[in-house]
Amino acid sequence: MTRIDANPLDGGHEGPGAPTVARGVAQPRSLFDREVLGRALIDSFKKLIPTTQIRNPVMFVVLVGTAVTLIEAIARPNLFAWSVTIWLFLTVIFANFAEAMAEGRGKAQAETLRRMRAETEARRLVPDGTEERVPASDLAKGDLVVCEANDVIPSDGEVIEGIASVDESAITGESAPVIRESGGDRSAVTGGTKVLSDRIVVRITAERGRTFLDRMIALVEGANRQKTPNEIALTILLAVLTIVFIPVVVTLEAFGHYSGASVSVVVLISLLVCLIPTTIGALLSAIGIAGMDRLVQRNVLAMSGRAVEAAGDVQTLLLDKTGTITLGNRMASSFFPVEGLDEVDLAEAAQLASLADETPEGRSIAVLAKNRFDLREREIGADHTFIPFSANTRMSGLDIDGRRIRKGASEAVKRWAVEQGGTVPADLDPIVERLARGGSTPLVVADGPRVLGVIELKDVVKQGIRDKFEEMRQMGIRTVMVTGDNPLTAAAIAQEAGVDDFLAEATPETKMDLIRREQEGGKLVAMTGDGTNDAPALAQADVGVAMNTGTTAAKEAGNMVDLDSNPTKLIDVVEIGKQLLITRGSLTTFSIANDVAKYFAIIPVAFEATYPQLKALNIMHLHSQTSAVMSAVIYNALVIVALIPLALRGVRFRAAGAAAILRRNVWIYGIGGIVVPFVFIKVIDLVLVALHLY
Amino acid sequence: MGFFWTILVLIVLLGITWRYLGAYMAAVFEGRVQFLAWVERPFYRLLGTGEEHEQTWKRYAGSLVVFSAVSLAIGYLLLRIQGSLFLNPQHLGAVPPALSFNTVVSFVTNTNWQNYGGETTMSYFSQIGVLTVQQFVSASVGIAVAITLVRGFSRRNSPTIGNFWVDITRCLLYILLPIAFLAGILIVGQGAVQTLAGPVTIHDPLNGVTQTIPRGPAGFMGAIMQLGTNGGGFFNADLAHPFENPTALTNFLYIWLTLSIPFALTYTFGKMVKSVRHGMALAGVMVIIFGCWVTITAYSEHQGNPAVVAAGVTQTNTGNTEGKEVRFGDTTSALFNTSMTQTSDGAVDSATDSYNPMGGFGALTGMMLGEVTPGGVGSGLYTLLIYAIIAVFIGGLMIGRTPEYLGKKIQAREVKLAGLGALVMPLIVLVFTAIAVSVHSGRAGPLNAGPHGFSEILYALTSQGNNNGSAMAGLSGNSAFYNVVGGIDMLLGRFAIMIPALGLAGALAAKNVVPASLGTFRTDNSMFVGMTIGVVLIIGGLTFFPAVSLGPIVEQLSHGRFF
C-alpha cells in the first residue's frame, strides 16, 4: 500500500498564479491558445441569442440598446449613429468573448479526456467463472471485471482480489505507477488508468455514465455550471445598478425637453450603456469559470463552484499531521547513551540492530550512525539471525557473533533486558520520558542484558510549513493539526510547526465533533482526507478535499478531489477561493468608479446647445459632442477586452491581513478606477480627432 | 467668530446627547427602563399584546402598515370634518380633499411637507389632534424600524425582531414625550406663543389699519416637530416666524433638538450590538458628510448674490441676505438649513428659494444623498445601514471573503433587500419629477422659468420622496396635481424603504454570527467609514448628477443670469 514514488517533499507549495506544471487534466495551454481563441470568437456570436444573452442582464440591456440605436441609424443614417451602434454591438461581443475564452480552456481539456474514454473493452467475469468481452459502456454497478498487465481499467471500481501496479498518469499526470490492492484504503481504481503488472479483479462501483472521468468531463466543460451564491448576490447588485440607471437616462429626456434641450436617443443610449456596470457584467462569469479552471490547472477538481467560493471563506483548516505538516516518516536524529557508556558504542550497536531492518526508520538509524561516527555498515555474514518487528514483542534486532542486540519500545526492551538477567540503568527512564515529551519517539537499545541507551526518532516537520501557517494566521485562518499521537507528542509537534491548535488522539468521531463545534460557532471548515472513515467528516466539512489515492467513499464525500494527493494543497485551494472573490470585488469597484469620468465626458456636451455654460464641466476638453460620446463608448468597450487577461488570471493575491488587502485594492481599483478612464477617454478623443473622424 | 462658537457648542452638546441619550435609548429598547410600566401595561392589555409577544418581520411590518393606514384614515377624516369640531376659534372650514390627502400623508410619513398655511387652514384641533399627534407617532415608527434593524445585527438565530406596539409605546413614553415636554417649556420660556385663545385683532388708530395676528399652541409643537425631525411648524412661515422661533437661543435649540436623536441612534446601535466603535464609525460617516455640506452651504451663503453682483452692486462682507432673518444671519441660517435638509426635518428659518445656487445645491443634494447624514429619526439610521450593507458587500469581496457585517453574512437576500431600499428613492424622485416637467399641471407649478424653475420642481419632489418636507418655495404646490403626486411620492419614499429594512432585520436576525478574525473586513475603522461615504456619494451622485446639472449647476455656471 505504499505509493511508490511518494516523495513527500514533492508538490511543494506554489502560490496561485505561479507557473504550474501541467499534468493530467491540466493540459499545457497558454492563456491565449490559438485554438481556444478561434473557437471563442465563434462562440461569442452564438451567445447573442436573446434567450442565452438574458442570463447576463447587464449585457442584455446593452443588446437591447444596440437594437434601438440600429433602428435610429437606419431611420436617420449618419456616421455617429452607425459608429455608436457598431461599438455597442462590439461591447456585447467582447463580453461574450470573455466568457467564451474562459469556457474554451475547459472545453479543450474535456476533449482530451473524451479521447481517453474512447471505447475500452472490458473483461467481465460471468458467475460461472468464465470471462466475456463487453464494451466498457455496458458495465453496470456491481459487475466484476478482470484486468491484467496493459489492460485499461474500464470503469471506476474497487480491487477485490489481487495486487497490481497501475499507471494513473492519464488522470493525475503522475508518471510513476502506484500500487492498488484489495482491502484497505488503497483499493480504489479509476476508469481510464492502466494496469502495468499483475492481475486484479475489480468490482465496478460507478453507475453507467457516472464515472469519475464522466464527472470530470462535465466539470471542466462547465456543463452543469450554476451560479454560486456569491455570484448570485453580485448579479443582484449589478441588476440594481442597471435598473437605477434606466430611469436616470429616460427621465433625462424629459428634463432635457423641459429645459428646451433635445438630446438624441443615440446619446441617451450611449450614456445608459456607459453608466450601467458593463465592465464587471461582461467579466463576471468569466471570472468564475477561470477560478474553477485555476484549480484544475493545479490538479484539483472542484465538484461545484460553490465549494471554490466556500474555500475563500474558510476560517479553520484541519490538517493531518502526517504527510501534511510532517514528512510522515520518523527519522533517527540522535543517540543518548546511558551513563558510563560512549555514544559511539550505542551507535555501533544500533547500526547492527538495524542492518537487516529495511523500514525507513531502520535505514535512518544506520545512516545516522554512519554520518555521525563514520561507521561503515558491516557486511553481514551467514551466521546471523534477523529478529523482525512484531506487534507482540514490539522490538526487532539481530543475533550476530553471539551478541543479541535488540531495539524497540522502551517497556519491551527493558523487560527483555531484565529477562536476560540485566538491570535497567537509573537514568534510562528520564531520557525516555524527556524524548517522549519532546514529541519524539524513543527507541531503547539493549545488547543482551545490558541496556545501552536510547535512539531518538523524530517526525520531521516540513520545511517552510511554519511560514505558511504564519501567512494563514495573517489571513485570519486558524490551523488545527489532527493526529493520532498522544497529547504530549502532539503539543510538541504543534509548537514546532506553528499551528494554532491541535487535536490529539484523533478518531473519526472526535474529528467530526471538532468540525461540528467550529461550524456551530459560525466558522467554515476545510479538511483533507483519504480513508473511508474520513468520509463523514469530509461530507460535513464545508470544503472537503479528498485525495485521489483515497477510497471511493472518501472521494464521493468530499467536494474536491486532489489528483496529486498532496494534502498541503488545501492551502492553495483557500488562496484560489479568495482570489476569485477579490477579482470580482475589485472589478465591480473599478466598474462603478469608471462612471464618474463617463459622466464628465457625456453630460457637459449632451446639453451644450442649450446650456453652453455646462462646458465648464468638460474638464477633459473633449473635442465635440460626437467625439466625446464616441470616446466614452469606445473606452467602455475596449476596457472589457483589456481586462480579460486579469479576469482569467485573477488579481494578484498576496497573503496579508484584510486591512492591507483592502487598502491596496481600493487604491488600485477604486481610485485607479476613477482616474484611468479620464486619461483613456481623452486619449481616444485625441485619436478620433487626429483621424478627422468627428 | 460667532459662527465658530455656534459650531463648537453644537459639537459639544451633540457629543453629550450622542453618548447619554444614545445609551438611554438602548436601555429603553432593551427593556431596561421600566418606570412607566404601569402606564404601558394597560395599553398592551387593550391591544392583547406585550413584550413577550415577539413578532416576525412580516408580522411587525403588518402591524406597522395597519397602524399607519388607520392613522391616515383617521387623520384624513378629522381634517375633512374640522369645521364641525371644537377648538376652532377661527371657524375654519373643512380642508379640501386633495390637500387633506397630501397633508395627512405628509405627517404620517414624517415628511411634514406643507401645501397649506397653518394659521389660515388648520384649526387648533387639527394642529394638535392630527398634526402634532402624528409628529409624535410617525417619529416613533421610524425609530422602531431602526431598532429592529439593530436587533437584526444583535440577535442570532432569532425568528423574531421585537414587538411593534411595545417599541412605539416605549419610544413615545420614555423618549419623545419627556424630552419634547422639557424642550417645549424652554421654548415657551423664550417667548414662543402657546395659547388656545385664537388670533388677536389689533387696530392701529394712528394709521387706520386693523391687523389680525394669528396665535396658537406653537411653542410645544415646535419642540416635537424638531425632536422628531418632522419640520412642520404651526405657522406658514415655519421657524422663520418669531412666535415659534423667538430668539437666537431657540434657533440654536431647534438645531440641537433636530440633530440629537438621529446622531444618538448610532450610539444606540453601537451599544446594542455591543461594539460602540461600530456606532462611532456610522456617526463618523454622518459627521463627515454633514460637515462638508455645512461648509459648502455656509460658504456659498457667505458670498454675495451673483445676480446683485451682475447688476453692478459691490457687496462686501454682507453675504447673501435676501430671504434671511437679520437676527440669524447668513452662516447660521445656512447651518440651520443644512441641519434641516440632512435630517429629513425640513423646517426653515430662511427662504431656500433665495439662496445662492450652490447654497440651494447644498440643500437639494443633502436630501438626494438619501437622508442618511444623519437623516430622520430612525429612518436615517436604517437607510444608512442599507448603504453600509452595500459598502460591506463590495468591500468584503475585495478582501476575498463572503462579506460580513458584525458577523452577519451579506448574501443574495440581503443584497436584494438593501438594493431595493437604495433603489426606491432615486427611482421615485426622478420618475415623478419627469412626470411633473412633462405634464401641463406640473409645469404650471414653478414661479420661475429656466433652470431655477426646474430646480423648484426637482426640489419639491426630492423633498417629498425623501420624507424631508423642506420647501424651496417658488412652487405653487397646493394644486390637485402636486398634492396627489407628492402624496404618492411621500408614501413610497417612506414605506417602500421601511419594508425592505424590516425584511433585512428579519433576514439578519435569523442568521448565526461568524466570529471575526484578522481576515474579516473591519466595519469599525476609517476604511469602512471611507467606503460607506463612497457608496452614499456615488449612489446619490451617479443617479442625480444629470438632473442637478440641469438645475443648480447651470444656475451656478450662469453667474447670476436670469432665464
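# A guided tour of chains A and B

Begin in chain A by selecting Lys555(A), which lies in helix H20, spanning residues 552-557 of that chain. Please bear in mind throughout that this is a predicted model. Which side chain of opposite charge is nearest to Lys555(A)? It is that of Glu168(A), 6.4 Å away. A salt bridge requires a side-chain nitrogen of Lys or Arg within 4 Å of a carboxyl oxygen of Asp or Glu. Lys555(A) is thus buried without having a salt bridge. Now display the side chain of Asn548(A): a polar contact of 3.2 Å links it to the side chain of Lys555(A). Setting aside neighbours within four places in sequence, the residues in contact with Lys555(A) include Thr190(A), Ala546(A), Met547(A) and Val561(A).

Next, select helix H8 of chain A, residues 265-275. How many of its 11 residues are buried? The number is 10, and the helix is mostly covered. Among the buried residues are Val266(A), Leu268(A), Ser270(A) and Cys274(A).

Proceed to helix H14 of chain A, residues 410-419. Its buried residues are Ser410(A), Ala412(A), Val413(A), Lys414(A), Trp416(A) and Ala417(A). To see what covers them, display strand E13 (395-400), strand E14 (403-408), helix H15 (428-437), strand E15 (441-447) and strand E16 (450-461) of chain A, which are included in the cover. After H14(A) comes Gly421(A), which has a positive phi, near 95°.

**A loop in chain B**

Turn to chain B and select Glu371(B), in the loop between helix H13 (357-368) and helix H14 (379-398). Glu371(B) is buried and has no salt bridge; Arg494(B), the nearest side chain of opposite charge, is 11 Å away. Then show the backbone of Ser344(B), whose nitrogen lies 3.1 Å from a polar atom of the Glu371(B) side chain. Beyond the neighbours within four places in sequence, the contacts of Glu371(B) also include Thr341(B), Gly366(B), Ser379(B) and Asn466(B).

Gly378(B) is found in the loop between H13 and H14 of chain B as well. Is Gly378(B) buried or exposed? Gly378(B) counts as buried because its relative accessibility is 0%, and the cut-off for buried is under 20%. Not counting residues up to four places away in sequence, Gly378(B) touches Gly142(B), Ile143(B), Ala146(B) and Leu265(B).

**Two helix pairs in chain B**

Select H14(B) together with helix H19 of chain B, residues 526-557. Their axes come within 9 Å and cross at roughly 115°, and the crossing is right-handed. The residues that make the contact include Leu384(B), Tyr387(B) and Met398(B) on H14(B), with Phe528(B), Met531(B) and Ile539(B) on H19(B).

Definitions and conventions. Residues numbered from 1 in each chain as written. Chains lettered and ligands numbered in written order. Predicted model: local features only at pLDDT ≥ 70, side-chain atom pairs only at ≥ 80, totals over all residues. Heavy atoms only, no water. Helix = DSSP H or I, 4+ residues; strand = E, 2+ residues; numbered from the N terminus. Buried < 20%, exposed > 50% of the residue type's maximum accessible area, 1.4 Å probe, protein only. Lys, Arg positive; Asp, Glu negative; His and termini not counted. Polar contact = N/O pair within 3.5 Å; in protein donor to acceptor, adjacent residues only side chain to side chain. Contact = heavy atoms within 4.5 Å. Axes fitted to C-alpha atoms, helices over the stretch in contact; angles between N-to-C directions. Left-handed = near helix turned anticlockwise from the far one by under 90°.
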